[in-house]
Each structure stands twice: as structure tokens, then as C-alpha cells.
Amino acid sequence: MTTTTTTTTERDDLISSLARHRGFLLQTAQGLTEEQARRASTVSTLTIASLLKHVADTEEAWLEFAVRGSDAMADDYEDVDWDKVAAEAEANGGDWSASGWEDTRFVLSDEETLEVLTDRMAQVAAKTEEVLRTADLDQSWPLPEAPWYEPGETWSVRRVVLHVLAETSQHAGHADIIREAIDGQRTMG
């Protein structure tokens, strides 16, 4: 009897894990109408379409950080007075939306249809795989200044990918709850 052993690399594991969890998120959108995909079916304002957008945008931004460092996120953070934002949020019981800083990561345009959003996820996934096939997973970059990062903290490419994986997994779970509230359909469990 001959046994064949397949050895995967860390890169293969990261790429396949990301693909699996992206797949869970994408599965929640299958069979939905545009109206259903944009429906906030729980007390949260999150929708399946807004989660698709956010996950693609987040993955793209973090992988760009993995390649270029904090310069890749400069436009997102450079004009923000984080001390003021944090103080105003704290004064409002931790409510960041009351701080005047607008978080548009989940806001959809009319052009961002399910087809557009799923195509975008596929494009971002292909770019991520391309980066992960060749990137130095130990390369580290300082994080941009923001209240949710420790001052002077650095992340390696590996840590960035693990963060993207966690973010994708968490939002796939959110989407599963939203979908179940829309029509009873469940992706997991």
C-alpha cells in the first residue's frame, strides 16, 4: 500500500483559509434580490451587501499595507485629529459616530450591486493571492497613528493576513445572522 502525503506551505494555508471564509460570506448573498442584500434585518445597520463591500475594501487596504507599509493608509488617517475624535467619543459613552468622524466603510452607492460587489471580492482575492505567493511574510511595517493601535506597533505581513482572515470570518458570521433573519437561510450550522 502506497500513501501519498501532500505537504502544504504556510502560504497555501493562509490563501486557502481566506478563500474558505470569503466563500462563507459570498454564500450568504446567493439567491438574494438587490433589495434583500441591502436590507438591515437586525437592529444593526449592517447588510449583506455592505459587508461584502467592507470585506473587499478592508482586504484590499490591508494587503496594500502589507506591500507598501503605512503610506498605503495615509489618505485614510492623515487629516484626522485622533485626540479630538477619541475625546469626543469618550465624552459620548464610547460612541465613535458622535465624534464627528464619519465611517463610510459600509455605505453603498447605487452602482454597488450584488454582481459588482461579488466581482470586486473576486478581484481583490486574486490580488491577495498574488501578493501572498511572493511576499516576505516576516516583513514588518509600523501601523498608522490611530486610537485603536498601540503607539509604535508594527505588523508583519503574516499578522496582516491573520487580521484579514479574522475580519472576514467575523463578518461572514454577521452576514449569516442577517441572512437567517431575512429568509431563514443559514450558511453555517
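Modeller: Helices here are DSSP runs of H or I with at least four residues, strands are runs of E with at least two, and both are numbered from the N terminus. On that basis the order of elements, from the N terminus on, is α-α-α-α-α-α-β-β-α, that is, seven helices and two strands. The model is a predicted one.

The part you ask about is α1, residues 10-29. Helix α1 has 20 residues and reaches 29 Å from its first C-alpha to its last, close to the 28 Å expected at 1.5 Å a residue. Just after α1 comes Gly31, which takes a positive phi of about 85°.

Next, its buried side. Leu14, Ile15, Leu18, Arg22, Phe24, Leu25, Thr28 and Ala29 are the buried residues of α1. These buried residues pack against α3, against α6 (114-134) and against α7 (157-183). For context, 37% of the 189 residues in the protein are buried. Of the contacts in the protein between residues at least 6 apart in sequence, 72% join residues at least 24 apart.

Of these partners, α3 can be described in some detail. The axis of α1 and that of α3 (residues 48-68) come within 9 Å and cross at roughly 155°. Angles over 145 degrees count as roughly antiparallel, so α1 is roughly antiparallel to α3. The crossing of the two helices, α1 and α3, is left-handed. On the α1 side, the residues that meet α3 are Arg22, Leu25, Leu26, Thr28 and Ala29; on the α3 side they are Ile48, Leu51, Leu52, Val55 and Glu59. By class, this contact of α1 with α3 has seven nonpolar, one polar and two charged residues.

Helix α3 also holds His54. The relative accessible area of His54 is 1%, so His54 is buried. Leaving aside residues up to four places away in sequence, His54 touches Arg105, Phe106, Glu167 and His171.

As for α7, another partner of the buried residues of α1, this helix has 27 residues and reaches 39 Å from its first C-alpha to its last, close to the 39 Å expected at 1.5 Å a residue. Helix α7 is followed by Gly184, whose phi is positive, near 85°.

Conventions: Residues numbered from 1 in each chain as written. Predicted model: local features only at pLDDT ≥ 70, side-chain atom pairs only at ≥ 80, totals over all residues. Heavy atoms only, no water. Axes fitted to C-alpha atoms, helices over the stretch in contact; angles between N-to-C directions. Parallel < 35°, antiparallel > 145°, perpendicular 65-115°, else oblique. Left-handed = near helix turned anticlockwise from the far one by under 90°. Contact = heavy atoms within 4.5 Å. Nonpolar A, V, L, I, M, F, W, Y, C, P; charged D, E, K, R; others polar. Expected span 1.5 Å × (residues − 1). Buried < 20%, exposed > 50% of the residue type's maximum accessible area, 1.4 Å probe, protein only.
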